Amino acid sequence: LAAAVLGTAFGRVVAHRGAGVRAAHVAVSVVAIVTAVVVLVPRSTPALSADIRTSPAGHDAIDVEVLLTPADGADGAERFQVMAWQGGELAVAHLREVERGRFVTDEPVPVGGDGKALVRIAHGGALGAIPISMPADPAIGADEVPLLPRRQGPFLAESHVLLREAHTGPAWPAVVGYTFVALGVGTVIGLLLAATVGLDRRRRALGWRNGDGTLAGTRVVLTGCEGGIGLAAKRALEGQGARVVGIDVRAGGRDCLVADLRDPDAVRAAIDEAAARLGGIDVLVANAGIGAADETARPPSAEARDVMDVNCFGSWEVIGQAMPHLRRGGGHVVVVGSGLARVNMPYSAAYTASKRALVGYADVLRLEEDGAVTVSVVQPAYIRTPIHDGPAAHGASLDGVARVETVQDAAAAIVTACETHRRELGSSPVTTLQLWAARHWPAVVDRAVAQRRRQVERRRPRPVFPDRSGDRSRRAGKVQA
């Protein structure tokens with residue numbers, strides 16, 4: 001029952017649905033399974049004794065007769081046998097009952113030389129053994145168990161007989177060994193889970209529809225809908241049954257309104273038009289953004305300031321304008337950040353600062369709304385979209401420095417965020433792991449990025465940026481005008 005509870009919760013989470021099981025029930029199930037393992041795995045010694053009689057059966061072989069006390073001690077046993085091994089050659093003779101409590105081997109058992117022989121019984125968690133013959137082993141201080149015509153006594157713990165070379169000692173080798181085993185098992189399970197999640201996300205991005213229809217009829221407004229991640233996300237959401245109206249600075253196609261996120265009036269008009277078309281707004285995906293590259297040690301250029309205005313304040317503007325519509329039905333906001341909000345890359349100060357600020361804004365928004373509107377943050381990895389064309393023109397491409405993913409990876413993560421309302425997720429399980437590492441070991445990740453950057457710059461020229469010292473004054477004049 002406990003495994004069924006955990007399996008149900010695990011399966012639904014892998015499918016990006018709610019677990020469907022209360023947290024308390026999951027906790028009780030975990031405790032129940034751990035308790036069962038702790039209680040049932042330890043082995044006990046059977047409360048049995050035996051009168052073992054041997055008789056010659058040819059050269060270096062014997063027949064074995066066992067009189068068991070109590071007589072019914074072998075009833076229901078999974079294993080009752082005589083086992084012998086001679087220099088790696090294992091022989092097993094089963095004990096068959098010829099009368100109540102009296103058993104004989106069904107074939108002769110080899111003995112002699114350095115061979116070992118013993119009677120074994122397994123009954124549930126009780127494992128016992130009685131040696132018939134064993135040679136002395138001075139290296140481990142084990143005395144000889146001579147072959148006798150008759151031997152009487154209780155069953156011993158099987159591990160004591162089979163592992164007679166075991167001795168007490170420090171506990172750390174066992175701790176290290178079991179730790180590595182646990183890490184190995186955990187790694188395999190983690191890889192299976194990551195592969196399942198990655199496959200499920202990709203199928204969603206390519207239009208595979210979730211059986212429970214969680215997004216069917218959902219009213220979504222998506223910024224930056226005309227290219228890159230936005231276009232892929234629009235198609236993926238529509239593939240899941242959502243109704244999507246986009247907002248983009250460029251001339252819109254079907255169901256894509258035109259607005260510059262730096263223009264509050266245009267944003268307000270676009271949001272009201274989208275709400276009118278959809279009959280309300282359930283989800284707002286703040287995806288629009290631009291990129292620029294600069295040397296961080298220089299004063300910020302007008303291009304860098306535009307990045308901050310669009311990526312941070314533009315998204316803030318569109319979310320603020322949509323909030324009255326979202327609050328009416330307990331809506332959801334998906335903020336598309338960037339892996340660069342956690343993992344630092346060279347020449348990306350403006351973009352990194354804008355996305356890091358946007359993630360901070362989303363965290364504060366989530367806190368203030370306190371469940372009235374939920375907020376998710378999607379952190380895509382480096383994806384080759386037109387947003388990187390400007391930096392690449394200056395020789396500041398991230399190719400070779402950052403791991404590359406596809407727009408479908410990011411679109412699938414956006415769909416997942418819309419379905420599950422998760423707080424934060426990467427565009428793939430690998431990206432999620434990298435973001436976790438960057439959060440906990442930033443210096444290690446910085447060194448790895450710096451090393452890859454140095455390797456790349458040995459193969460291609462160092463980026464060259466024009467002198468933009470006059471950009472700021474020209475932009476100030478434009479703003480005043």
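Colleague: What makes cysteine 225 and cysteine 256 a disulfide?

Modeller: Their sulfur atoms are 2.2 Å apart, and a disulfide is defined as a pair of cysteine sulfur atoms within 2.5 Å. The pair therefore qualifies. The structure holds one disulfide. The model is a predicted one, in which local features need pLDDT of at least 70 and side-chain atom pairs count only at pLDDT 80 or more, whereas totals for chains, interfaces and linings use all residues. Residues are numbered from 1 along each chain as its sequence is written, and side-chain values use heavy atoms, with hydrogens and water left out.

Colleague: Are the two cysteines called buried or exposed, and why?

Modeller: Both count as buried. The term means under 20% relative accessible area, with exposed meaning over 50% and partly exposed in between (1.4 Å probe, protein chains only). Cysteine 225 has 1% relative accessibility, and cysteine 256 has 6%. Cysteine 312, at 5%, is likewise buried. Across the chain, buried residues make up 41% of the 481 residues.

Colleague: Is the crossing of α5 and α10 left-handed or right-handed?

Modeller: The crossing is right-handed. That word applies if the near helix is turned clockwise from the far one by less than a right angle, and left-handed applies if it is turned anticlockwise.

Colleague: Which residues of α5 and α10 meet?

Modeller: Gly228, Ile229, Ala232, Ala233, Ala236 and Leu237 of α5 meet Val407, Ala410, Ala411, Ile414, Val415 and Cys418 of α10, where contact means heavy atoms within 4.5 Å. These residues divide into 11 nonpolar, one polar and no charged. The classes are nonpolar (Ala, Val, Leu, Ile, Met, Phe, Trp, Tyr, Cys and Pro), charged (Asp, Glu, Lys and Arg) and polar (the others, Gly among them).

Colleague: What describes the packing of α6 with α7?

Modeller: Helix α6 (residues 264-278) and helix α7 (residues 302-327) pack at an angle of about 35°, with axes 9 Å apart. Their crossing is right-handed. On α6 the contact is made by Pro264, Val267, Arg268, Ile271, Asp272 and Ala275, and on α7 by Glu317, Val318, Gln321, Ala322 and His325. By class, the residues are six nonpolar, two polar and three charged.

Colleague: How do you know whether asparagine 311 is buried or exposed?

Modeller: Asparagine 311 has 0% relative accessibility, so this residue counts as buried. Asparagine 311 lies in helix α7. Beyond neighbours within four places in sequence, its contacts include Ala288, Ile290, Tyr351 and Leu358.

Colleague: What do aspartate 60 and aspartate 370 show in their backbone, and how accessible are they?

Modeller: Aspartate 60 has a positive phi of about 50° although it is not a glycine, and aspartate 370 also has a positive phi of about 50°. Aspartate 60, in the loop between β1 (49-56) and β2, has 43% relative accessibility and so counts as partly exposed. Aspartate 370, in the loop between α8 (349-369) and β16 (374-379), has 67% and is therefore exposed.

Methods. Helices (H or I, at least four residues) and strands (E, at least two) are DSSP runs, numbered from the N terminus. Axes are lines fitted to C-alpha atoms, for helices over the stretch in contact, and angles run from 0 to 180 degrees between N-to-C directions.
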